[in-house]
Amino acid sequence: MNGIESNATAAALKSPIDWAQASCDALMAKYRPEQLPPEGRWHYHQGIFLYGMLKVWEATGHEAYLGYAREYVDKLVDEYGNFKFARDELDAMMPGLLLFPLHAEFGEERYRIAAAKLRGMFHTLNRTSEGGFWHKDKYPYQMWLDGLYMGGVFAMQYARYFGEADLFDMVLYQESLMRKHMTDERTGLLFHAWDESRNFPWADKVTGCSPEFWGRSLGWYGMALADFLDELPPEHPGREVVKAALRPFVEALVRYQDEATGLWYQVVDKGAEADNWLETSCTSLFVYTIAKAIRHGAAGEECRAAAERGYEGLIRRTRTDEFGLVVPEICIGTSAGDYTNYVTRPVSENDLHGVGAFILACAEMQKLQGPQE
């Protein structure tokens with residue numbers, strides 16, 4: 001296997017990209033691509049992990065990472081570009097981020113066709129009265145922060161790769177609706193979800209918002225904003241809009257970072273509560289967001305220390321097992337809800353939510369710190 005061996009000790013890991021490789025190698029040692037949980041499905045769990053792996057491939061040139069991601073896609077997408085995916089939810093678009101580098105590298109038409117099928121979903125998704133995409137059909141009239149990353153980054157990459165500039169404005173409009181309806185002026189954070197109908201049990205009868213600031217949902221939102229700055233053309237006026245939204249968001253995140261550990265809490269603003277707990281996937285996404293915001297000039301150098309503390313806190317939390325590196329303290333998949341819903345969620349280790357987020361954070365920290373020696 002290219003890259004560092006899966007049984008590497010922490011002492012051998014010097015740079016952020018080393019840690020990212022170790023995390024990739026551990027799951028490669030444990031699973032064949034088609035076995036990644038949930039097994040045999042086109043799903044954002046696998047998508048976020050494999051997208052991180054492709055970033056490691058880009059940084060290192062180690063072909064094993066490219067081949068592993070390709071094998072996952074090729075087990076699901078046939079030679080004609082057909083594949084089974086959920087056609088009523090933004091989550092299904094996220095693994096589409098794998099299709100662009102595969103098409104660029106191998107030129108196979110099936111990758112383009114599969115991407116076009118996902119792009120077509122934007123014509124059929126249900127919407128709020130203002131045109132905001134429902135997160136899933138089973139959550140009518142609801143927008144979730146998660147959806148901005150799941151669908152928005154795919155749409156912007158599609159726009160850049162295939163020249164559909166209108167998609168840039170579509171995504172920026174979706175973000176503006178989230179910011180309009182879900183921002184809390186007191187904290188500078190955004191609520192996890194918003195229900196236009198005010199019918200769901202968690203929905204505030206006045207605002208329609210869910211009651212808490214859940215870490216990973218905020219991480220998806222921040223990562224989306226940061227990634228938009230990778231995709232928007234230099235002359236696009238939306239760049240300044242995104243920067244103007246990202247800057248205060250990063251400042252709000254920094255205010256809620258745990259001083260002792262460098263991590264962030266599952267419910268971000270309630271670290272003083274005894275049953276709240278420090279969570280690694282949101283910490284990874286926040287480190288990524290802050291680091292990339294600094295690189296794009298959307299956050300000041302004074303935020304660098306927060307990114308470094310978060311990264312170092314994550315590294316201190318890791319351990320090893322028979323397969324290699326283990327990222328612990330990851331909240332499993334979670335829907336919007338109240339405080340009890342979040343703090344009683346099961347905790348997992350090497351859950352793909354957390355491993356993918358950790359790999360992306362390490363890859364971004366490598367860029368912030370500069371090239372390896």
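Predicted model: local features only at pLDDT ≥ 70, side-chain atom pairs only at ≥ 80, totals over all residues.

Student: Which residues line the largest cavity?

Tutor: Leu90, Phe122, Phe133, Met143, Gly147, Leu148, Gly151, Gly152, Met170, Val171, Gln174 and Met178 line the largest cavity. On a 1 Å grid over the protein atoms alone, a cavity is a set of points where a 1.4 Å probe fits but cannot get out, and lining residues have an atom within 4 Å of a point. Residues are numbered from 1 along each chain as its sequence is written, and side-chain values use heavy atoms, with hydrogens and water left out.

Student: How much space lies in the largest cavity?

Tutor: About 80 Å³. A volume here is the space filled by probe spheres set on the grid points, which are joined across faces, edges and corners.

Student: And which helices supply at least two residues of that lining?

Tutor: H6 and helix H7 (166-182) each do. Helices (H or I, at least four residues) and strands (E, at least two) are DSSP runs, numbered from the N terminus.

Student: How do the residues of that lining divide by class?

Tutor: Eight are nonpolar, four polar and none charged. Ala, Val, Leu, Ile, Met, Phe, Trp, Tyr, Cys and Pro count as nonpolar, Asp, Glu, Lys and Arg as charged, and the others, Gly among them, as polar.

Student: How many cavities of 30 Å³ or more are there?

Tutor: The count comes to two. The second largest cavity has a volume of about 50 Å³, and its lining is Lys55, Tyr288, Lys292, Leu360, Ala363, Glu364 and Lys367. H10 and helix H13 (352-369) are the elements that give two or more residues to that lining, and H13 gives the most, with four residues.

Student: Where do aspartate 227 and lysine 292 sit in the chain?

Tutor: Aspartate 227 is in helix H8 and lysine 292 in helix H10 (residues 280-295), so the pair links distant parts of the chain, 65 residues apart. A salt bridge means a side-chain nitrogen of Lys or Arg within 4 Å of a carboxyl oxygen of Asp or Glu.

Student: Is aspartate 227 buried or exposed?

Tutor: Buried, with a relative accessible area of 2%, and lysine 292 is buried too, at 3%. Buried means under 20% relative accessible area, exposed over 50%, and partly exposed in between (1.4 Å probe, protein chains only). Salt bridges that share partners also join Asp227, Asp230, Lys292, Arg295 and Glu364 into one network.

Student: How many salt bridges does the structure hold?

Tutor: There are 22. Arginine 160 is partly exposed, with a relative accessible area of 48%, whereas glutamate 231 is buried at 7%.

Student: Switching to pockets: what volume does the largest pocket have?

Tutor: About 450 Å³. A pocket is an open set of points with protein on both sides within 12 Å along at least five of seven lines. Of the 27 residues that line the largest pocket, the closest to its centre are His43, Tyr44, Glu89, Asp91 and Lys136. Helix H2 (44-60), H6 and H8 are the elements that give two or more residues to the lining. By class, the lining has 11 nonpolar, eight polar and eight charged residues.

Student: What do the side chains of lysine 136 and aspartate 91 do?

Tutor: They meet in a salt bridge of 3.6 Å, N to O. Lysine 136 lies in the loop between helix H5 (109-120) and strand S1 (142-144) and aspartate 91 in the loop between helix H3 (63-76) and helix H4 (99-106), so the pair ties together parts 45 residues apart in sequence. Both residues are buried.

Student: Last one, what does the secondary structure of the chain come to?

Tutor: 13 helices and eight strands. Of the 373 residues, 61% count as buried.
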